[in-house]
Amino acid sequence: MERKRVKVAVSKGRILKEVCGLLSKSGYPNNIAKSATRELIFNIKNLQILACKPIDVPKYVELGAADCGIVGSDCIAETNCDVYEPISLPLGKCKMVLATLKTKKLVLKPGMNIKIGTKYPRIAKNFFLKHKINPEIVYLNGSVELAPLTGLAEAIVDITETGSTIKENNLKIIDIIMEINAKVIINKTSYRTLRDEVELLTSSLLKKIKI
Ligand code: PRP
């Protein structure tokens with residue numbers, strides 16, 4: 001029986017290599033991570049892989065342009081998307097942290113004023129609201145570590161994986177906000193209309209991951 005096509009939005013960022021490796025092992029052989037092409041759509045068996053910016057993956061899935069997505073939990077939390085999250089993958093492990101200059105004494109106190117540079121305004125705001133602080137958020141698109149070095153912000157909320165960027169820019173971690181890993185997310189309508197196909201994909205991935 002011919003299976004219906006499942007559109008899978010995949011983060012083009014750091015986790016692409018690991019995700020494509022897992023897909024290959026799970027019966028969807030591909031060379032997407034190695035390919036030098038500028039193409040953004042790849043067909044592997046009954047999957048159509050859409051290579052998206054990480055933060056856009058939840059939007060593609062929530063709005064139905066993709067049936068599933070494979071994306072970091074940071075992007076899921078930041079977009080607060082309305083999707084199913086049935087599987088956690090042991091890939092793309094990193095942390096969301098609050099960091100500032102090594103030389104700065106930063107103690108969080110309710111009601112204090114603080115300016116934060118970040119690519120993750122929702123996560124940052126929620127973290128500070130738990131501390132009863134209403135932060136001023138400076139939204140940045142990248143090289144976030146520059147913000148405290150230049151005085152643009154007092155501290156940053158950003159992801160760290162190896163810790164090298166923080167270390168090499170003379171910053172220190174003040175608090176760990178969340179642990180991050182990749183997850184499979186599914187569009188709520190697709191979960192009904194493409195249930196067999198989606199379950200075949202998720203069970204194939206599950207068989208190949210060590211939990
Ligand atoms: C991310 C993050 C940090 C860096 C941390 O940036 O924003 O800058 O990785 O990684 P590390 O702990 O392994 O050093 P990314 O590489 O995605 O680039 P960007 O600065 O353009 O956002």
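This is a predicted model: local features need pLDDT of at least 70, side-chain atom pairs count only at pLDDT 80 or more; totals for chains, interfaces and linings use all residues.
Good morning. At 22% relative accessibility, Y191 counts as partly exposed, a class that lies between buried (under 20% relative accessible area) and exposed (over 50%), with a 1.4 Å probe and protein chains only. Y84 is likewise partly exposed, at 38% relative accessibility.

Residues are numbered from 1 along each chain as its sequence is written, and side-chain values use heavy atoms, leaving out hydrogens and water.

The structure holds two aromatic pairs, meaning rings of Phe, Tyr or Trp (its six-membered ring) with centres within 6.5 Å; planes under 30 degrees apart count as stacked, over 60 as edge-to-face and the rest as tilted. Y84 and Y191 form an edge-to-face pair, 5.4 Å centre to centre with 70 degrees between the planes. This pair links distant parts of the chain, since Y84 belongs to strand 5 and Y191 to helix 7, 107 residues apart. Helices (H or I, at least four residues) and strands (E, at least two) are DSSP runs, numbered from the N terminus. In the other pair, the ring centres of F127 and F128 are 5.1 Å apart and the planes stand at 80 degrees, so this pair is also edge-to-face. Both F127 and F128 are buried.

Finally, the chain overall. The protein chain has eight helices and eleven strands. Of its 211 residues, 45% are buried. Its C-alpha trace spans about 65 × 35 × 30 Å along the principal axes.
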